[in-house]
Amino acid sequence: MTQQEHIEIVGRFFEAIDWLKETRRIRGLQTFARSCGVDRRSLRRLMADPEKYSLKVGWVVHLVREYGIKADWLLTGEGPMHD
């Protein structure tokens, strides 16, 4: 995976988080962080500097399993974000 692909995946990851907030499935980033068992600051660091920090696979899996975000969309940008 190239650095650019990583940045694009991180962008879609946070786009999905924003959609979950807009649809009121979560209240905010803290809600996702708690449900995923991660410190919100780790997510904020990734959001601020995706070139320096890595998106953890467990966060992606949680987004897919718990919130129904489509893995194909998240990883490739193809297809719908959700059902």
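Residues are numbered from 1 along each chain as its sequence is written, and side-chain values use heavy atoms, with hydrogens and water left out. Because the model is predicted, local features need pLDDT of at least 70 and side-chain atom pairs count only at pLDDT 80 or more, whereas totals for chains, interfaces and linings use all residues.

Q: Why is Leu 43 called buried?
A: Buried means under 20% relative accessible area, exposed means over 50%, and partly exposed lies in between, with a 1.4 Å probe and protein chains only. Leu 43 has 0% relative accessibility, and therefore counts as buried.

Q: What does Leu 43 touch, leaving aside residues up to four places away in sequence?
A: A contact is defined as heavy atoms within 4.5 Å, and Leu 43 touches Phe 13, Phe 14, Leu 29, Phe 32, Ala 33, Val 38 and Trp 59. Leu 43 itself lies in helix α3, residues 40-48, where helices (H or I, at least four residues) and strands (E, at least two) are DSSP runs numbered from the N terminus. The C-alpha atoms of Leu 43 and Ala 33, which are ten residues apart along the chain, are separated by 7.6 Å.

Q: How do you know that the span of helix α1 agrees with its number of residues?
A: The expected span of a helix is 1.5 Å times one less than its number of residues. For the 20 residues of α1 (residues 3-22) this should give 28 Å, and the end C-alpha atoms are 29 Å apart, which agrees.

Q: Which residues of α1 are buried, and what do they pack against?
A: The buried residues of α1 are His 6, Ile 9, Val 10, Arg 12, Phe 13, Phe 14, Ala 16, Ile 17, Trp 19 and Leu 20. They pack against α2 (29-36), α3, α4 (57-67) and α5 (71-76).

Q: What makes Phe 13 and Phe 14 an edge-to-face pair?
A: Rings of Phe, Tyr and Trp (its six-membered ring) pair if their centres lie within 6.5 Å, and planes under 30 degrees apart count as stacked, over 60 as edge-to-face and the rest as tilted. A search of the whole structure finds three aromatic pairs. Phe 13 and Phe 14 form an edge-to-face pair, at 5.1 Å centre to centre with 90 degrees between the planes. Phe 13, at 0% relative accessibility, counts as buried, and Phe 14 is buried with a relative accessible area of 9%.

Q: Why is the pair of Phe 13 and Phe 32 said to tie together parts that are apart in sequence?
A: Phe 13 and Phe 32 form an edge-to-face pair, with 5.8 Å from centre to centre and 80 degrees between the planes. Phe 13 lies in helix α1 and Phe 32 in helix α2, so the pair ties together parts that are 19 residues apart in sequence. Phe 13, Phe 14, Phe 32 and Tyr 67 form one aromatic cluster.

Q: How do you know that the buried residues of α4 line one face of the helix?
A: In α4, the residues Trp 59, Val 60, His 62, Leu 63 and Tyr 67 are buried. Seen down the axis of α4, they fall within an arc of 160 degrees, so they line one face of the helix; the arc is that of the directions from the helix axis to the C-beta atoms. The face turned away from this buried side carries the exposed residues Val 57 and Arg 65.

Q: What makes Lys 70 and Asp 83 a salt bridge?
A: A salt bridge is a side-chain nitrogen of Lys or Arg within 4 Å of a carboxyl oxygen of Asp or Glu, and the side chains of Lys 70 and Asp 83 meet at 2.7 Å, N to O. Lys 70 lies in the loop between α4 and α5 and Asp 83 in the segment after α5, so the pair ties together parts that are 13 residues apart in sequence. Lys 70 is partly exposed, with a relative accessible area of 29%, whereas Asp 83, at 78%, counts as exposed.

Q: Why are Asp 39 and Arg 41 placed in their accessibility classes?
A: Asp 39 has 34% relative accessibility and therefore counts as partly exposed, while Arg 41, at 53%, counts as exposed. Their side chains meet in a salt bridge at 2.6 Å, N to O.
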